[in-house]
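The sequence and the structure are shown first.

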Amino acid sequence: MEGTINQSTKNKFGQYFTPKAVADFMIEMADVSPHSKILEPSCGEGVFLDLLQQKGYNRLTAYEIDQELAQKFSCVKYESFVSAKAEEKFDLIIGNPPYIRWKNLENDLKQELSANPIWVQYFNSLCDYLYIFILKSVELLHENGQLIFICPEYWMNTTHSASLRNYMVQAGYFEEIYHFNETPIFDKVTVSIVIFKFVKSKEKKEKIRVAKFYANQKLTVETLKNLKNQIPFKEAEYLTVSQFKTNERWLLQSDETRRELSILESNCIKKKPNSILNLFGEGKTEFHAIGDFCDIGNGLVSGLDKAFQVNGHALNENELKATLNVIKAKDLKPFLAKGITQYIFMPEGLEEKDFNEIYPNFYTHFQKYKTELENRYQYNRKINYWEWVFLRNFNLFSKAEKRIFVPCKERISNKDHFRFALADEGIFPTQDVTAIFRKPTAKESIEYILAYLNNPIIFDWL
Ligand SMILES: C[S@@+](CC[C@H](N)C(=O)[O-])C[C@H]1O[C@@H](n2cnc3c(N)ncnc32)[C@H](O)[C@@H]1O
(Lines give C-alpha, C1' and ligand atoms only; values in the text may rest on other atoms or scores of the structure.)
Protein backbone atom coordinates (compact mmCIF):
# COMPACT_ATOMS: atom_id res chain seq x y z
CA MET A 1 0.00 0.00 0.00
CA GLU A 2 2.80 2.39 0.86
CA GLY A 3 4.00 2.24 -2.71
CA THR A 4 0.80 3.92 -3.87
CA ILE A 5 1.54 7.07 -1.91
CA ASN A 6 3.05 10.04 -3.60
CA GLN A 7 6.60 10.24 -2.30
CA SER A 8 6.55 13.96 -1.54
CA THR A 9 3.29 13.74 0.43
CA LYS A 10 4.76 10.82 2.35
CA ASN A 11 7.82 12.79 3.37
CA LYS A 12 5.95 15.97 4.05
CA PHE A 13 3.56 14.32 6.49
CA GLY A 14 5.82 11.64 7.96
CA GLN A 15 3.80 8.71 6.66
CA TYR A 16 5.02 5.40 8.01
CA PHE A 17 2.25 2.93 8.52
CA THR A 18 2.11 0.53 11.42
CA PRO A 19 2.22 -3.20 10.64
CA LYS A 20 -1.03 -4.90 11.58
CA ALA A 21 0.58 -7.22 14.14
CA VAL A 22 2.06 -4.25 15.98
CA ALA A 23 -1.18 -2.26 15.91
CA ASP A 24 -3.02 -5.30 17.23
CA PHE A 25 -0.47 -5.74 20.01
CA MET A 26 -0.90 -2.10 21.02
CA ILE A 27 -4.68 -2.35 21.10
CA GLU A 28 -4.37 -5.40 23.35
CA MET A 29 -2.28 -3.28 25.74
CA ALA A 30 -5.29 -1.02 26.32
CA ASP A 31 -7.64 -1.45 29.17
CA VAL A 32 -10.97 -0.36 27.67
CA SER A 33 -14.60 -1.38 27.27
CA PRO A 34 -16.87 -1.25 24.21
CA HIS A 35 -18.19 2.07 25.53
CA SER A 36 -14.79 3.70 25.70
CA LYS A 37 -14.19 6.78 23.60
CA ILE A 38 -11.12 6.27 21.47
CA LEU A 39 -9.07 8.71 19.40
CA GLU A 40 -6.53 8.01 16.64
CA PRO A 41 -4.97 11.46 16.06
CA SER A 42 -3.15 10.70 12.78
CA CYS A 43 -4.80 7.62 11.37
CA GLY A 44 -2.96 7.16 8.06
CA GLU A 45 -4.54 4.25 6.19
CA GLY A 46 -6.51 3.33 9.28
CA VAL A 47 -4.84 0.17 10.55
CA PHE A 48 -5.82 0.97 14.14
CA LEU A 49 -9.36 1.99 13.15
CA ASP A 50 -9.88 -1.23 11.24
CA LEU A 51 -8.77 -3.42 14.12
CA LEU A 52 -10.65 -1.38 16.71
CA GLN A 53 -13.88 -1.76 14.72
CA GLN A 54 -13.32 -5.50 14.31
CA LYS A 55 -12.90 -5.76 18.06
CA GLY A 56 -16.24 -4.03 18.62
CA TYR A 57 -15.12 -0.54 19.58
CA ASN A 58 -17.37 1.95 17.86
CA ARG A 59 -16.95 5.24 19.65
CA LEU A 60 -14.05 6.22 17.45
CA THR A 61 -12.70 9.61 16.38
CA ALA A 62 -9.75 10.09 14.08
CA TYR A 63 -7.81 12.85 12.35
CA GLU A 64 -5.80 12.70 9.17
CA ILE A 65 -4.29 15.57 7.26
CA ASP A 66 -3.98 13.68 3.97
CA GLN A 67 -7.41 13.48 2.35
CA GLU A 68 -6.40 10.52 0.22
CA LEU A 69 -6.05 8.21 3.18
CA ALA A 70 -8.49 6.11 5.24
CA GLN A 71 -11.45 7.13 3.12
CA LYS A 72 -13.59 4.16 4.14
CA PHE A 73 -13.94 5.33 7.75
CA SER A 74 -16.70 7.80 8.61
CA CYS A 75 -15.02 8.75 11.89
CA VAL A 76 -12.07 10.48 10.22
CA LYS A 77 -11.89 14.27 10.28
CA TYR A 78 -9.68 15.51 7.49
CA GLU A 79 -7.99 18.30 9.33
CA SER A 80 -4.80 18.76 11.25
CA PHE A 81 -4.85 17.33 14.75
CA VAL A 82 -2.42 20.07 15.74
CA SER A 83 -4.94 22.87 15.09
CA ALA A 84 -8.16 20.92 15.62
CA LYS A 85 -10.44 22.42 18.25
CA ALA A 86 -10.85 19.14 20.06
CA GLU A 87 -12.72 19.68 23.26
CA GLU A 88 -14.10 16.25 24.09
CA LYS A 89 -11.98 13.94 26.19
CA PHE A 90 -11.07 10.34 25.48
CA ASP A 91 -10.52 7.11 27.39
CA LEU A 92 -7.88 5.89 24.99
CA ILE A 93 -5.69 7.66 22.46
CA ILE A 94 -3.77 5.26 20.32
CA GLY A 95 -1.66 5.41 17.19
CA ASN A 96 1.59 6.23 15.51
CA PRO A 97 1.99 10.00 15.34
CA PRO A 98 4.11 11.67 12.66
CA TYR A 99 7.67 12.55 13.60
CA ILE A 100 9.47 15.23 11.65
CA ARG A 101 12.26 17.44 12.93
CA TRP A 102 11.48 21.13 12.72
CA LYS A 103 14.23 21.75 10.19
CA ASN A 104 12.68 19.18 7.85
CA LEU A 105 9.13 20.52 8.15
CA GLU A 106 7.52 22.24 5.17
CA ASN A 107 6.84 25.93 5.69
CA ASP A 108 3.08 25.55 6.02
CA LEU A 109 3.52 23.04 8.85
CA LYS A 110 6.05 25.33 10.55
CA GLN A 111 3.60 28.21 10.31
CA GLU A 112 0.87 26.08 11.77
CA LEU A 113 3.06 25.18 14.73
CA SER A 114 4.26 28.73 15.29
CA ALA A 115 0.64 29.84 15.60
CA ASN A 116 -0.25 27.05 18.01
CA PRO A 117 -0.43 28.04 21.69
CA ILE A 118 0.73 24.61 22.90
CA TRP A 119 3.74 24.71 20.62
CA VAL A 120 4.61 28.25 21.65
CA GLN A 121 4.27 27.45 25.34
CA TYR A 122 6.33 24.26 25.37
CA PHE A 123 8.44 23.94 22.25
CA ASN A 124 10.78 25.72 19.86
CA SER A 125 12.57 25.19 16.58
CA LEU A 126 14.82 22.49 18.03
CA CYS A 127 11.80 20.31 18.70
CA ASP A 128 9.95 17.75 16.66
CA TYR A 129 6.43 17.62 15.22
CA LEU A 130 5.95 14.49 17.30
CA TYR A 131 6.11 16.40 20.57
CA ILE A 132 2.90 18.32 20.07
CA PHE A 133 1.06 15.11 19.16
CA ILE A 134 2.09 13.56 22.46
CA LEU A 135 1.42 16.60 24.61
CA LYS A 136 -1.91 17.47 23.02
CA SER A 137 -3.00 13.84 23.31
CA VAL A 138 -2.28 13.81 27.03
CA GLU A 139 -4.35 16.98 27.35
CA LEU A 140 -7.26 15.25 25.64
CA LEU A 141 -7.37 12.26 27.98
CA HIS A 142 -9.89 11.78 30.75
CA GLU A 143 -8.53 11.14 34.22
CA ASN A 144 -7.27 7.52 33.99
CA GLY A 145 -7.33 7.74 30.21
CA GLN A 146 -4.55 5.88 28.41
CA LEU A 147 -2.14 7.01 25.74
CA ILE A 148 -0.59 4.19 23.71
CA PHE A 149 1.80 5.33 21.00
CA ILE A 150 4.50 3.85 18.86
CA CYS A 151 7.14 6.43 18.01
CA PRO A 152 10.89 7.10 18.04
CA GLU A 153 12.50 7.09 21.47
CA TYR A 154 14.66 10.23 21.15
CA TRP A 155 12.24 12.55 22.94
CA MET A 156 12.77 10.50 26.10
CA ASN A 157 16.27 11.84 26.54
CA THR A 158 17.05 14.83 24.33
CA THR A 159 17.50 18.23 25.96
CA HIS A 160 14.89 19.97 23.87
CA SER A 161 12.08 17.63 24.83
CA ALA A 162 12.53 18.30 28.57
CA SER A 163 9.35 20.40 28.67
CA LEU A 164 7.34 17.51 27.22
CA ARG A 165 8.81 15.08 29.73
CA ASN A 166 8.14 17.41 32.64
CA TYR A 167 4.57 17.88 31.46
CA MET A 168 4.05 14.11 31.35
CA VAL A 169 5.59 13.44 34.75
CA GLN A 170 3.12 15.89 36.23
CA ALA A 171 0.17 14.54 34.24
CA GLY A 172 0.44 10.84 35.04
CA TYR A 173 2.58 7.74 34.92
CA PHE A 174 3.89 5.08 32.56
CA GLU A 175 2.64 1.55 32.88
CA GLU A 176 4.79 -0.19 30.30
CA ILE A 177 7.41 0.62 27.69
CA TYR A 178 8.76 -1.59 24.90
CA HIS A 179 12.05 -0.51 23.40
CA PHE A 180 13.08 -1.76 19.97
CA ASN A 181 16.64 -1.20 18.98
CA GLU A 182 17.64 -1.92 15.40
CA THR A 183 14.39 -3.74 14.78
CA PRO A 184 13.15 -2.72 11.33
CA ILE A 185 9.50 -1.92 12.07
CA PHE A 186 9.06 0.81 9.46
CA ASP A 187 10.59 0.97 6.01
CA LYS A 188 13.63 3.27 5.87
CA VAL A 189 13.30 4.37 9.51
CA THR A 190 16.53 3.70 11.36
CA VAL A 191 15.86 5.32 14.73
CA SER A 192 15.09 3.25 17.82
CA ILE A 193 11.39 2.88 18.37
CA VAL A 194 9.34 2.62 21.54
CA ILE A 195 5.80 1.59 22.28
CA PHE A 196 4.56 3.09 25.50
CA LYS A 197 1.45 3.08 27.62
CA PHE A 198 0.96 6.21 29.66
CA VAL A 199 -1.94 6.79 32.04
CA LYS A 200 -3.18 10.28 32.86
CA SER A 201 -3.73 10.25 36.57
CA LYS A 202 -3.28 12.21 39.77
CA GLU A 203 -2.36 8.97 41.52
CA LYS A 204 0.95 7.52 40.36
CA LYS A 205 2.06 3.92 40.13
CA GLU A 206 5.51 3.40 41.51
CA LYS A 207 7.06 1.23 38.80
CA ILE A 208 7.20 0.91 35.02
CA ARG A 209 7.55 -2.43 33.25
CA VAL A 210 10.20 -2.17 30.56
CA ALA A 211 10.97 -4.72 27.87
CA LYS A 212 13.83 -4.23 25.45
CA PHE A 213 14.34 -6.14 22.25
CA TYR A 214 17.77 -5.95 20.65
CA ALA A 215 17.79 -7.63 17.30
CA ASN A 216 17.91 -6.68 13.70
CA GLN A 217 14.96 -8.94 12.99
CA LYS A 218 11.46 -8.39 11.82
CA LEU A 219 9.03 -8.08 14.68
CA THR A 220 6.71 -11.09 14.81
CA VAL A 221 3.51 -11.72 16.74
CA GLU A 222 5.42 -14.40 18.65
CA THR A 223 8.19 -11.97 19.69
CA LEU A 224 5.66 -9.40 20.82
CA LYS A 225 3.80 -12.02 22.85
CA ASN A 226 7.02 -13.15 24.52
CA LEU A 227 7.98 -9.58 25.35
CA LYS A 228 4.55 -8.92 26.79
CA ASN A 229 4.79 -11.98 29.01
CA GLN A 230 8.42 -11.25 29.89
CA ILE A 231 9.54 -14.65 28.61
CA PRO A 232 13.35 -14.76 28.76
CA PHE A 233 15.13 -15.11 25.41
CA LYS A 234 18.50 -14.07 24.06
CA GLU A 235 17.58 -10.73 22.49
CA ALA A 236 15.23 -9.62 25.27
CA GLU A 237 15.88 -7.73 28.48
CA TYR A 238 13.29 -7.00 31.15
CA LEU A 239 13.41 -4.35 33.83
CA THR A 240 11.15 -2.83 36.40
CA VAL A 241 12.10 0.78 36.92
CA SER A 242 10.83 3.64 39.05
CA GLN A 243 8.60 6.29 37.47
CA PHE A 244 10.53 9.06 35.78
CA LYS A 245 11.03 12.38 37.49
CA THR A 246 10.99 15.95 36.22
CA ASN A 247 14.20 17.49 34.89
CA GLU A 248 15.86 14.22 34.10
CA ARG A 249 16.55 12.27 30.96
CA TRP A 250 14.41 9.16 30.81
CA LEU A 251 16.85 6.35 30.52
CA LEU A 252 15.51 2.85 30.25
CA GLN A 253 18.00 1.56 32.79
CA SER A 254 17.75 -0.08 36.18
CA ASP A 255 17.24 2.22 39.17
CA GLU A 256 20.78 1.47 40.29
CA THR A 257 22.27 2.54 36.95
CA ARG A 258 20.08 5.63 36.96
CA ARG A 259 21.38 6.54 40.42
CA GLU A 260 24.98 6.13 39.26
CA LEU A 261 24.29 8.23 36.18
CA SER A 262 22.81 11.00 38.22
CA ILE A 263 25.99 11.06 40.37
CA LEU A 264 28.04 11.15 37.19
CA GLU A 265 25.96 14.02 35.81
CA SER A 266 26.16 16.07 38.96
CA ASN A 267 29.95 15.64 38.97
CA CYS A 268 30.09 16.85 35.38
CA ILE A 269 28.27 20.12 35.96
CA LYS A 270 30.48 23.12 35.35
CA LYS A 271 31.36 24.80 38.56
CA LYS A 272 30.95 28.38 37.36
CA PRO A 273 27.67 28.34 35.42
CA ASN A 274 27.56 32.12 34.97
CA SER A 275 30.69 32.16 32.93
CA ILE A 276 29.21 29.88 30.32
CA LEU A 277 27.37 31.09 27.27
CA ASN A 278 23.90 29.63 27.34
CA LEU A 279 22.78 29.72 23.73
CA PHE A 280 19.11 28.92 24.08
CA GLY A 281 18.49 29.90 27.66
CA GLU A 282 17.14 26.42 28.21
CA GLY A 283 19.70 24.15 29.81
CA LYS A 284 19.69 25.16 33.44
CA THR A 285 22.95 23.31 33.92
CA GLU A 286 25.98 23.16 31.69
CA PHE A 287 27.99 19.97 31.57
CA HIS A 288 31.65 19.72 30.91
CA ALA A 289 32.31 18.22 27.53
CA ILE A 290 35.34 16.20 26.56
CA GLY A 291 36.40 19.13 24.39
CA ASP A 292 37.02 21.11 27.60
CA PHE A 293 39.89 18.75 28.45
CA CYS A 294 40.96 17.41 25.11
CA ASP A 295 41.64 18.46 21.53
CA ILE A 296 39.65 16.39 19.10
CA GLY A 297 40.06 15.81 15.37
CA ASN A 298 38.92 13.40 12.70
CA GLY A 299 41.49 11.39 10.76
CA LEU A 300 43.20 11.80 7.41
CA VAL A 301 41.47 11.15 4.11
CA SER A 302 43.38 9.20 1.45
CA GLY A 303 40.43 9.06 -0.93
CA LEU A 304 41.21 5.43 -1.87
CA ASP A 305 42.51 3.39 1.04
CA LYS A 306 43.41 0.25 -0.88
CA ALA A 307 45.82 2.19 -3.11
CA PHE A 308 47.76 3.60 -0.16
CA GLN A 309 48.33 0.45 1.84
CA VAL A 310 51.85 -0.99 1.75
CA ASN A 311 51.12 -4.58 0.86
CA GLY A 312 54.38 -6.48 1.13
CA HIS A 313 56.19 -4.30 -1.40
CA ALA A 314 59.98 -4.52 -1.54
CA LEU A 315 60.90 -0.95 -0.55
CA ASN A 316 63.99 1.11 -1.15
CA GLU A 317 65.33 3.45 1.52
CA ASN A 318 63.33 6.49 0.34
CA GLU A 319 60.19 4.46 0.23
CA LEU A 320 60.71 3.17 3.74
CA LYS A 321 60.72 6.79 4.88
CA ALA A 322 57.62 7.66 2.88
CA THR A 323 55.24 5.59 4.97
CA LEU A 324 52.88 6.35 7.79
CA ASN A 325 51.68 4.07 10.59
CA VAL A 326 47.93 4.18 10.60
CA ILE A 327 45.08 2.77 12.63
CA LYS A 328 41.70 2.24 11.03
CA ALA A 329 38.35 2.07 12.79
CA LYS A 330 38.00 -1.67 12.22
CA ASP A 331 41.22 -2.24 14.18
CA LEU A 332 40.06 -0.47 17.31
CA LYS A 333 39.20 -2.38 20.45
CA PRO A 334 38.51 -1.02 23.94
CA PHE A 335 41.85 0.18 25.40
CA LEU A 336 44.14 -1.03 22.61
CA ALA A 337 44.14 -1.38 18.85
CA LYS A 338 44.41 -4.78 17.19
CA GLY A 339 46.96 -3.70 14.66
CA ILE A 340 48.71 -0.99 12.72
CA THR A 341 48.69 -0.69 8.94
CA GLN A 342 51.51 0.88 6.98
CA TYR A 343 50.34 3.43 4.44
CA ILE A 344 52.19 5.11 1.62
CA PHE A 345 52.56 8.78 2.39
CA MET A 346 54.48 10.81 -0.17
CA PRO A 347 55.90 14.24 0.49
CA GLU A 348 54.00 17.06 -1.23
CA GLY A 349 55.31 18.95 -4.25
CA LEU A 350 56.92 16.09 -6.20
CA GLU A 351 56.95 16.02 -10.00
CA GLU A 352 55.73 12.75 -11.53
CA LYS A 353 59.20 12.18 -13.03
CA ASP A 354 60.82 12.41 -9.57
CA PHE A 355 58.12 10.23 -8.08
CA ASN A 356 59.04 7.54 -10.61
CA GLU A 357 62.77 7.87 -10.03
CA ILE A 358 62.90 8.16 -6.25
CA TYR A 359 60.01 5.84 -5.40
CA PRO A 360 59.99 3.29 -8.24
CA ASN A 361 58.11 0.53 -6.39
CA PHE A 362 55.40 2.90 -5.26
CA TYR A 363 55.22 4.40 -8.75
CA THR A 364 54.55 0.97 -10.29
CA HIS A 365 52.06 0.14 -7.56
CA PHE A 366 50.06 3.35 -8.09
CA GLN A 367 49.72 2.87 -11.85
CA LYS A 368 46.97 0.28 -11.47
CA TYR A 369 44.88 2.70 -9.41
CA LYS A 370 45.72 5.84 -11.39
CA THR A 371 42.30 6.42 -12.98
CA GLU A 372 40.45 5.78 -9.74
CA LEU A 373 42.83 8.08 -7.88
CA GLU A 374 42.43 10.85 -10.40
CA ASN A 375 38.68 10.60 -10.02
CA ARG A 376 38.77 11.13 -6.24
CA TYR A 377 36.97 14.14 -4.84
CA GLN A 378 39.62 16.86 -5.05
CA TYR A 379 38.42 19.41 -2.47
CA ASN A 380 38.61 22.16 -5.13
CA ARG A 381 42.33 21.62 -5.63
CA LYS A 382 44.41 19.65 -8.05
CA ILE A 383 45.81 16.73 -6.13
CA ASN A 384 48.51 14.43 -7.55
CA TYR A 385 47.26 10.89 -7.77
CA TRP A 386 49.93 9.63 -5.33
CA GLU A 387 48.94 12.08 -2.58
CA TRP A 388 46.31 11.87 0.14
CA VAL A 389 43.35 14.15 -0.59
CA PHE A 390 42.81 15.74 2.80
CA LEU A 391 45.38 15.99 5.57
CA ARG A 392 42.98 17.46 8.07
CA ASN A 393 44.35 17.90 11.59
CA PHE A 394 47.79 16.77 10.47
CA ASN A 395 49.51 19.13 12.91
CA LEU A 396 47.46 17.82 15.79
CA PHE A 397 48.32 14.23 14.88
CA SER A 398 52.00 15.10 14.55
CA LYS A 399 52.25 15.99 18.25
CA ALA A 400 54.78 13.89 20.15
CA GLU A 401 52.09 12.50 22.43
CA LYS A 402 49.99 9.45 23.04
CA ARG A 403 46.48 9.75 21.74
CA ILE A 404 43.08 8.04 22.05
CA PHE A 405 41.31 6.76 18.94
CA VAL A 406 37.63 5.92 18.65
CA PRO A 407 35.52 5.09 15.58
CA CYS A 408 33.83 8.27 14.26
CA LYS A 409 30.61 6.38 13.80
CA GLU A 410 29.70 3.35 15.78
CA ARG A 411 26.60 1.20 15.69
CA ILE A 412 26.34 0.56 19.39
CA SER A 413 22.89 -0.88 19.66
CA ASN A 414 24.09 -4.48 19.85
CA LYS A 415 27.16 -3.74 21.98
CA ASP A 416 27.72 -2.87 25.59
CA HIS A 417 30.85 -0.82 25.07
CA PHE A 418 32.56 1.81 22.94
CA ARG A 419 36.03 1.31 21.48
CA PHE A 420 38.33 3.99 22.86
CA ALA A 421 41.90 2.78 22.25
CA LEU A 422 45.25 4.21 23.22
CA ALA A 423 47.74 4.79 20.40
CA ASP A 424 51.37 5.82 20.56
CA GLU A 425 52.77 9.03 19.20
CA GLY A 426 53.46 8.80 15.49
CA ILE A 427 50.38 6.69 14.81
CA PHE A 428 47.83 8.41 12.59
CA PRO A 429 44.07 7.89 12.32
CA THR A 430 42.22 7.32 9.04
CA GLN A 431 39.09 9.26 8.21
CA ASP A 432 36.78 6.82 10.02
CA VAL A 433 38.59 7.46 13.32
CA THR A 434 38.30 10.37 15.75
CA ALA A 435 41.46 11.18 17.70
CA ILE A 436 41.51 12.68 21.18
CA PHE A 437 44.55 14.47 22.65
CA ARG A 438 44.91 15.65 26.22
CA LYS A 439 45.01 19.44 26.45
CA PRO A 440 48.10 20.72 28.29
CA THR A 441 45.78 22.28 30.88
CA ALA A 442 44.12 18.96 31.77
CA LYS A 443 45.16 17.55 35.11
CA GLU A 444 44.47 13.94 34.19
CA SER A 445 46.80 11.72 32.21
CA ILE A 446 45.79 10.32 28.83
CA GLU A 447 45.56 6.86 30.44
CA TYR A 448 43.13 8.21 33.04
CA ILE A 449 41.00 9.77 30.29
CA LEU A 450 41.07 6.47 28.40
CA ALA A 451 39.91 4.52 31.44
CA TYR A 452 37.18 7.07 32.06
CA LEU A 453 35.87 6.92 28.50
CA ASN A 454 35.81 3.12 28.50
CA ASN A 455 34.00 2.95 31.84
CA PRO A 456 30.63 1.16 31.40
CA ILE A 457 28.82 4.05 33.09
CA ILE A 458 29.87 6.36 30.25
CA PHE A 459 28.40 3.90 27.76
CA ASP A 460 25.14 3.85 29.73
CA TRP A 461 25.08 7.63 29.85
CA LEU A 462 25.58 8.08 26.14
C1 LIG B 1 3.56 7.78 11.07
S2 LIG B 1 2.09 7.88 10.12
C3 LIG B 1 1.09 6.73 10.95
C4 LIG B 1 -0.25 6.50 10.39
C5 LIG B 1 -1.12 5.56 11.17
N6 LIG B 1 -1.39 6.06 12.51
C7 LIG B 1 -0.50 4.20 11.26
O8 LIG B 1 -0.12 3.84 12.38
O9 LIG B 1 -0.37 3.48 10.28
C10 LIG B 1 1.52 9.46 10.58
C11 LIG B 1 0.29 9.95 9.89
O12 LIG B 1 0.00 11.25 10.37
C13 LIG B 1 -0.55 12.02 9.33
N14 LIG B 1 -0.39 13.42 9.72
C15 LIG B 1 0.70 14.22 9.57
N16 LIG B 1 0.46 15.43 10.09
C17 LIG B 1 -0.80 15.40 10.60
C18 LIG B 1 -1.61 16.33 11.27
N19 LIG B 1 -1.18 17.56 11.53
N20 LIG B 1 -2.83 15.96 11.67
C21 LIG B 1 -3.28 14.71 11.42
N22 LIG B 1 -2.58 13.78 10.77
C23 LIG B 1 -1.33 14.12 10.37
C24 LIG B 1 0.24 11.58 8.12
O25 LIG B 1 -0.44 11.88 6.92
C26 LIG B 1 0.38 10.08 8.38
O27 LIG B 1 -0.67 9.39 7.78
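## Overall form

The model described here is predicted. The protein has 462 residues, and buried residues make up 49% of them. Its secondary structure consists of 17 helices and 17 strands. Along the principal axes, the C-alpha trace spans about 90 × 50 × 45 Å.

According to the domain assignment, domain 1 covers residues 2-252 and domain 2 covers residues 294-461. The C-alpha centres of domain 1 and domain 2 are 44 Å apart.

## The cavity

The structure contains one cavity of 30 Å³ or more. The volume of the largest cavity is about 270 Å³. Its lining is made up of 26 residues, and those nearest the centre of the cavity are Ser 42, Cys 43, Gly 44, Glu 64 and Pro 98.

Two elements, helix H3 (47-54) and helix H6 (129-139), each give two or more residues to the lining of the largest cavity. By residue class, this lining comprises 14 nonpolar, eight polar and four charged residues.

## Aromatic pairs

The structure holds 38 aromatic pairs. In the pair of Phe 149 and Phe 196, the ring centres are 6.2 Å apart and the planes stand at 80°, so the pair is edge-to-face. Phe 149 belongs to strand E5 (residues 141-152) and Phe 196 to strand E7 (residues 193-200), so the pair ties together parts that are 47 residues apart in sequence. Both Phe 149 and Phe 196 are buried.

A further pair is formed by Tyr 385 and Trp 386. Their ring centres lie 5.0 Å apart with the planes at 80°, so this pair is also edge-to-face. Tyr 385 and Trp 386 are both buried.

## Charges over rings

Aromatic rings also take part in contacts with charged side chains. Lys 37 lies over the face of Phe 90, at 5.9 Å from the ring centre. The charged end of Arg 249 is placed over the ring of Trp 461, and its distance from the centre of that ring is 4.6 Å.

## Two residues in context

Phe 213 is part of strand E8 (residues 207-214). Its relative accessibility is 1%, and buried means under 20%, so Phe 213 counts as buried. Phe 213 and Leu 462 are separated by 249 residues in sequence, while their C-alpha atoms are 19 Å apart in space.

Glu 88 is found in the loop between strand E3 (76-77) and strand E4 (90-95). Along the chain, Glu 88 and Leu 141 are 53 residues apart, and their C-alpha atoms are separated by 8.7 Å.

Technical notes. Residues numbered from 1 in each chain as written. Predicted model: local features only at pLDDT ≥ 70, side-chain atom pairs only at ≥ 80, totals over all residues. Heavy atoms only, no water. Phe/Tyr/Trp six-rings, centres within 6.5 Å; stacked < 30°, edge-to-face > 60°. Helix = DSSP H or I, 4+ residues; strand = E, 2+ residues; numbered from the N terminus. Buried < 20%, exposed > 50% of the residue type's maximum accessible area, 1.4 Å probe, protein only. Lys NZ or Arg CZ within 6 Å of the ring centre and 35° of its normal. Domains from an automatic or database assignment. 1 Å grid on protein atoms, 1.4 Å probe; cavity = no way out; pocket = protein on both sides within 12 Å on 5 of 7 lines; lining within 4 Å. Points joined across faces, edges and corners; volume = space filled by probe spheres on them. Nonpolar A, V, L, I, M, F, W, Y, C, P; charged D, E, K, R; others polar.
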